[in-house]
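Trainee: Before I use these terms in a report, I would like to go through them with you.
Mentor: Bring up the model and ask about each term in turn.

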Amino acid sequence: MAQLVNLGSLCIDNVYRVDAITRAGETAAASSYARFMGGKGLNQSLAAARAGVATAHVGCVGADGEELVAVLAAAGIDVRGVRRTARAPSGHAVIQVDASGSNAIVIVGGANRLIEFADIGAALDLIEPDGWLLLQNEINDVPAVLVAAAARRARVVLNVAPVDGREADYDLSSVEVLIVNELEGAALSGEREPQGAIAALTARYPTQHVVLTRGEHGLLYGRGAERICLEAFKVPAVDATGAGDAFIGYFLAQLIAGASIHDALMMGSAAGALAVTVAGAATSIPRAVDVRAFLERHGSG
């Protein structure tokens, strides 16, 4: 049993350093190439575990996925629910990172899109009473997961990333915490401006915690009429890959521990800031001692 069960993706990230993100019809030379373990699911599980939460990961990898499983296991994460399949390779991503640390990502779902009903049941069976289920949009059959989770009265956190059109049909009424970035918030709400997106989503789901992350511009939080706006910590950016996932893992860890929303958002923001300063996805997820030290040095940001 675990406080947090992540029914999530696992991806092998192929990262290319470029001066500028390649445009349509353009060929660019990369200054370097590196291979990292990642995927939003893996990154978020790793962040939650490093933040001190008893975490289990349920998902699917191909024959090439043993290193993905090993990264989770090395962090003390329960990986008994990670299933191997011969039907597809593990998820893969092609990531361009430019000189400012911004990225452009293309993902291939692979085994992440082969989640079965047995996997959903396995994830729900692992959740402790009053525990949490974490989901991203990199797996298949999210609506079925939401229905099953509601039937079990699981507390659900949904990171609707990336948006790909499927989210338009999701019933989010049973989701307790919704986490989106600006593009995802606009897609779900129909509002292009962050304040409008928060207003629309909190009006639609008045009891739901809604977090809208804005990268270097900070974040917005809403629940009903409550609003919190936090600026981002200023750090030298190396690679933004995984920063949002570091935020989610540390934010949830504080929420699960009973911290105030403000303190949980601050801890998540600090983790995300530190992740930006390191290349790669899983490799950039900070340790809890470093996140706390960062917060002590930078105060309220």
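The questions below go from the whole chain to single residues.

Trainee: What kind of model is this?
Mentor: The model is predicted. The protein has nine helices and 13 strands.

Trainee: What makes the protein agree with a compact globule of 301 residues?
Mentor: The radius of gyration does. A compact globule with 301 residues would come near 19 Å, and the protein has 18 Å, so the value agrees with the rule. The C-alpha atoms fill a box of roughly 50 × 45 × 40 Å along the principal axes.

Trainee: How many of the residues are buried?
Mentor: Buried residues make up 53% of the 301. The cut-off is under 20% relative accessible area. The accessible surface is about 12,800 Å², and carbon and sulfur atoms account for 53% of that surface.

Trainee: What share of the contacts join residues at least 24 apart?
Mentor: The share is 66%, counted among contacts between residues at least 6 apart in sequence.

Trainee: Why are β3 and β7 said to stand at the edges?
Mentor: Start with the strand order, which is β3-β2-β6-β7 in an open sheet of four strands. β3 (32-38) and β7 (103-108) each have a single partner strand, so one side of each is left without a neighbour in the sheet. From one strand to the next, the twist averages 20°.

Trainee: How do you know that β2 pairs with β3?
Mentor: A pair needs at least two bridges. Seven bridges join β2, residues 11-17, to β3, and these strands run antiparallel. Within this pair, V15 stands opposite A34, and I12 stands opposite M37.

Trainee: What makes the pairing in this sheet mixed?
Mentor: The pairing is mixed, and β2 shows both directions. β2 runs antiparallel to β3, whereas β2 and β6 (residues 91-97) run parallel and are joined by seven bridges.

Trainee: Why is β2 called largely enclosed?
Mentor: Five of its seven residues are buried, so β2 is largely enclosed by the rest of the structure. Helix α2, residues 66-74, lies across β2 and β3 and runs at about 60° to β3.

Trainee: Why is D130 called exposed?
Mentor: Exposed means over 50% relative accessible area. D130 has 59%, so it counts as exposed. D130 lies in strand β8, residues 127-136.

Trainee: Why is D141 called partly exposed?
Mentor: The relative accessible area of D141 is 39%. The class lies between the cut-offs of 20% and 50%, so D141 is partly exposed. D141 is found in the loop between β8 and α4 (142-151).

Trainee: What makes the backbone angles of D130 and D141 worth a remark?
Mentor: Most residues other than glycine have a negative phi. D130 is not a glycine, yet its phi is positive, about 70°. D141 is also a residue other than glycine, and its phi is positive, near 60°.

Trainee: How do you know that the peptide bond from A161 to P162 is cis or trans?
Mentor: Omega tells you. For the bond from A161 to P162, omega is near -5°, and the bond is cis. Most peptide bonds are trans. P162 is found in the loop between β9 (155-159) and β10 (175-181).

Technical notes:
Residues numbered from 1 in each chain as written. Predicted model: local features only at pLDDT ≥ 70, side-chain atom pairs only at ≥ 80, totals over all residues. Heavy atoms only, no water. Helix = DSSP H or I, 4+ residues; strand = E, 2+ residues; numbered from the N terminus. Axes fitted to C-alpha atoms, helices over the stretch in contact; angles between N-to-C directions. Contact = heavy atoms within 4.5 Å. Buried < 20%, exposed > 50% of the residue type's maximum accessible area, 1.4 Å probe, protein only. Rg over C-alpha atoms; globule rule 2.2 N^0.38 Å. Areas by Shrake-Rupley, 256 points an atom, 1.4 Å probe, with all protein chains shown as cover.
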